[in-house]
Amino acid sequence: MNWNDLRYFLILAEEGSLSGAARRLRKEHTTVARRIEALEEAVGTKLFDRLPRGWQLTAAGQNLVPVAERVEAEALGFERQARGDEAAHGVVRISVPPVAGRVLFAPRLAQLLTAHKGLEFEIIGASNVVNLARREADLAVRMITPREPGLITRKLVELGVGLYAARGYRDRVPEQDWEFCGYEDTSYGAAKKEWVRNIMGRELPCRFRADDTESVRQFIAAGHGVGVLPRYLADGDDRLELIRADTAGESRETAWLVVHPDMRRSPGVRLVMDALIKAADSISAEFQV
């Protein structure tokens, strides 16, 4: 059997659908299905029932999940230790939120590629939290507080936010008619909504919500309403004007560096960690207030 097929098996078991597993694995859904069929043929038993609403583990599949998890943990531990002993070359996979990665960190990492010819970077600009234990990335920058046990974390920088509107919006629209461009109903979105409620003294009507900062910025710039944006993104946008800065830090965002302990020994990962820490130190102070 192909031992790598166990990874496909476990992720499909978690996701429950080919499309969800394909996104996690960054493969085509047909590839996921083919690998599962190959695994079933190799072990001689059916692992999933193909249902209209998704793929559901059979009884045999459920019994094999804990065994596969132990095999995967040992294989990943072997791989991480091997990577930790290598020289500073090869691919380093870095997970960063799409906007913060593009605006703040990615440009500052480019210098490493010039200085170290053996390094390659793969930037994973995903808003979801990647699984570092499963080597979905070698290290991550996160805008939410890391909660997983066993990972090494470091606060990189605190980033200021503000309430923004399109230029001229305040002149065109009376304050009592303002609308709010919000985020999805997550802890992040709830915190931004609560801050606006506190500074406005009331809750603004919200007919638009998104799960990414860039969409919120575009709706604000189009004149739909007001919304909360990080200052590193909005202060340089000539279409926007700052209504109120979060000078008290009530809604401030924090960037965290997260890495698995085994990967910290890798020279390539260590170089990237140092570069990210240096990048955080060099971010303009105007974005931290």
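At what angle do the axes of helix α1 and helix α2 cross?

## Model and conventions

This is a predicted model: local features need pLDDT of at least 70, side-chain atom pairs count only at pLDDT 80 or more, and totals for chains, interfaces and linings use all residues. Residues are numbered from 1 along each chain as its sequence is written, and side-chain values use heavy atoms, with hydrogens and water left out.

The UniProt record, an unreviewed entry, carries the annotation "domain: HTH lysR-type" for residues 1–58. Such annotations may be inferred rather than shown by experiment. The end C-alpha atoms of this span lie 20 Å apart. Its content is 59% helix and 14% strand. Helices (H or I, at least four residues) and strands (E, at least two) are DSSP runs, numbered from the N terminus.

## α1 against α2

Helix α1 covers residues 5–15 and helix α2 residues 18–25. Their axes cross at roughly 125 degrees and come within 8 Å. That makes α1 oblique to α2. Axes are lines fitted to C-alpha atoms, for helices over the stretch in contact, and angles run from 0 to 180 degrees between N-to-C directions. Under 35 degrees counts as roughly parallel, over 145 as roughly antiparallel, 65 to 115 as roughly perpendicular, and the rest as oblique.

The crossing of α1 and α2 is right-handed (near helix turned clockwise from the far one by less than a right angle; anticlockwise is left-handed). Contact means heavy atoms within 4.5 Å. From α1 come Arg 7, Tyr 8, Ile 11, Leu 12, Glu 14 and Glu 15; from α2, Leu 18, Gly 20, Ala 21, Arg 24 and Leu 25. By class, six are nonpolar, one polar and four charged. Ala, Val, Leu, Ile, Met, Phe, Trp, Tyr, Cys and Pro count as nonpolar, Asp, Glu, Lys and Arg as charged, and the others, Gly among them, as polar.

## α3 against its partners

Helix α3 spans residues 29–43. It packs on α2 at about 100 degrees, with the axes 8 Å apart. The two are therefore roughly perpendicular. Leu 18, Ala 21, Ala 22 and Leu 25 of α2 touch His 29, Val 32 and Ala 33 of α3. This contact has six nonpolar residues, one polar and no charged.

α1 and α3 pack at about 110 degrees, with axes 9 Å apart. That makes α1 roughly perpendicular to α3. Their crossing is left-handed. Asp 5, Leu 6, Tyr 8, Phe 9 and Leu 12 in α1 meet Thr 31, Val 32, Arg 35, Ile 36, Ala 38 and Leu 39 in α3. The classes are eight nonpolar, one polar and two charged.

## Glu 214

Glu 214 sits in helix α8 (residues 213–221). Leaving aside neighbours within four places in sequence, Glu 214 contacts Val 99, Arg 102 and Leu 233.
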